[in-house]
Amino acid sequence: MAEPGDPNRPASTAAPDWDDDQIGFCTPASLKAAAVPEPEPEPEPDAAPEAEPEPEPAAPVIAAEPEPDLFDPAPRPAIDPAPAAMAAATPAWAVETPAPDRRPVQPQGVLGLYSIYVLILFAVPTLGVSAAIGLLAVTGREPPADPVARSHFIYQQRTLWAAALAALLGAILIVVNIGVFVLFVLALWMMARGAVGVMRLKAGQAIADPRHWLF
């Protein structure tokens, strides 16, 4: 076997063609690592195609309402013949009878009657002034023709005339210390008669006996 530097060493330096297991050691060529090819880059996945924007919904078209013609008459609503046919087919016993009107019937000249009652009720606070005005209002007048209003008118006349005479008598009796009591009873009597008259007039009722002296 030729050693290094031997002139008889063959010029070829190529490694002999044998396997490592035949010579018992590894050759320099086998120690060289085989070049590992770099892995090819994987192709990038194609980007997902952009979604196309959805078209906006079209705005609804609102039909313009025709302007009403001032010279054309308004159309009359169609009459449904069904209610009339149903009314004709309904028996008489099934028709509901309307409830009677139970509101009191006010007599004629009711405002004037209320005014006289107000003057009677305010006789005490006004020290008889309103009663004197009421007496002038009912004196010399004819009673109304309506029976309810006539009864109230006579009732007011007798109340005011009796109050005027009692007030004059009470003023005279003040000298003997009885007049104050007479005027006090007169005030209560007038207020009671005025209140009773207003309640009956509001209810549409006549005074049963307008010429009596009580209530």
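1. Contacts of S130. In this predicted model, S130 touches L119, F122 and A123, leaving aside residues up to four places away in sequence. S130 itself lies in helix α5, which spans residues 129-138.

2. Burial of S130. The relative accessibility of S130 is 6%. Because buried means under 20% relative accessible area, S130 counts as buried.

3. Setting of T159. Helix α6, formed by residues 147-173, holds T159. At a relative accessibility of 1%, T159 falls under the 20% limit and therefore counts as buried.

4. Surroundings of T159. Which residues does T159 touch, if those up to four places away in sequence are not counted? They are I120, W189 and R193. With R193 there is also a polar contact: the side chains of T159 and R193 are joined at 2.7 Å. The buried residue T159 thus has a side-chain polar partner in R193.

5. Exposure of S115. Is S115 buried, partly exposed or exposed? Its relative accessible area is 41%. Partly exposed covers the range between the 20% limit for buried and the 50% limit for exposed, so S115 is classed as partly exposed.

6. Position of S115. S115 is found in helix α4, residues 110-121. The C-alpha atoms of S115 and G134 are 8.4 Å apart in space, while the two residues are 19 residues apart in sequence.

Key
Residues are numbered from 1 along each chain as its sequence is written. This is a predicted model: local features need pLDDT of at least 70, side-chain atom pairs count only at pLDDT 80 or more; totals for chains, interfaces and linings use all residues. Side-chain values use heavy atoms; hydrogens and water are left out. Helices (H or I, at least four residues) and strands (E, at least two) are DSSP runs, numbered from the N terminus. Buried means under 20% relative accessible area, exposed over 50%, partly exposed in between (1.4 Å probe, protein chains only). Contact means heavy atoms within 4.5 Å. A polar contact is a pair of N or O atoms within 3.5 Å; within protein, one must be able to donate a hydrogen and the other to accept it, and residues adjacent in sequence count only if both atoms are side-chain atoms.
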